[in-house]
Amino acid sequence: MTAIRLPLTALVLVLALGACQPAGDPAASATQDAATVPGTAGGTSPFGEAAIWDGEVDACRGQAPVADDCLSKAMQAAKASPQAIAAAHQLGAQGNPGYVSAWRDQDGVGIATIEYPFRANTNEGTLLVDSAGHTVDVDADVLPEMSRADATVKPFLDAHPDASPFAPAEASGSEALPNGGVRLIYSTPLRTCHACAEDGVLRVAYDFDAQRRFAGKQILDLR
């Protein structure tokens, strides 16, 4: 193999440019930072079995918009683990004050049950946690506006124009994917109101590769 030789002037320029680069490249560390939460050992994701907490938060109710701060103080006073406090801090930073109330592993993917004590409705949710610590909310944007014209869902929506997804989604199976990946399937009912009967069920697939990194989601069907 022939080595590529640079003229001396070009080599000097390359070395000079390298010396001018910042020590931490934001673009290179963006993925890592998404899973980094202050207060956790090694800068790793706090979501895991050690993040489980179940305490009293009644004193914080009705204190919006400072409920998140009150929750953090209540958890500290109750001697919650650093991981539990850090996970609650991350949820609060995303505008969803809450805490991890349960944790389990399915086919190498972490599944965190989240308690949202200050919501008027739907006080429980689910986050899928991949091997890099990134979280996926199975109740977030399950039926994007751009997908409503898709042949998979359009016939149903044409027949039920007022129906909307109502959280929480429920686990409804898993499938092995090629090359060692896994697909987790969640179902969300569609209704016209909280107390109304179901008009249909939307099934969404969440795919993870062989290393259990999140690979994307897709609508399977709506019927």
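In total, the structure holds eight salt bridges.

Bear in mind that this is a predicted model, where local features need pLDDT of at least 70, side-chain atom pairs count only at pLDDT 80 or more, and totals for chains, interfaces and linings use all residues. Residues are numbered from 1 along each chain as its sequence is written, and side-chain values use heavy atoms, with hydrogens and water left out.

**The network**

- Arg 203, Asp 221 and Arg 223 are linked in a network of salt bridges.
- Arg 203 pairs with Asp 221, with 2.8 Å between the closest N and O atoms.
- Arg 203 sits in strand 8 (residues 200–208) and Asp 221 in strand 9 (residues 214–222), so their pairing ties together parts 18 residues apart in sequence (strands are DSSP runs of E, at least two residues, numbered from the N terminus).
- Asp 221 is buried at 13% relative accessibility, while Arg 203 is partly exposed at 24%.

**Another pair**

- Arg 61 and Asp 58 also form a salt bridge, their closest N and O atoms being 2.9 Å apart.
- Arg 61 is partly exposed, at 42% relative accessible area, and Asp 58 is partly exposed too, at 47%.

Methods
Salt bridge = Lys/Arg side-chain N within 4 Å of Asp/Glu carboxyl O. Buried < 20%, exposed > 50% of the residue type's maximum accessible area, 1.4 Å probe, protein only. Helix = DSSP H or I, 4+ residues; strand = E, 2+ residues; numbered from the N terminus.
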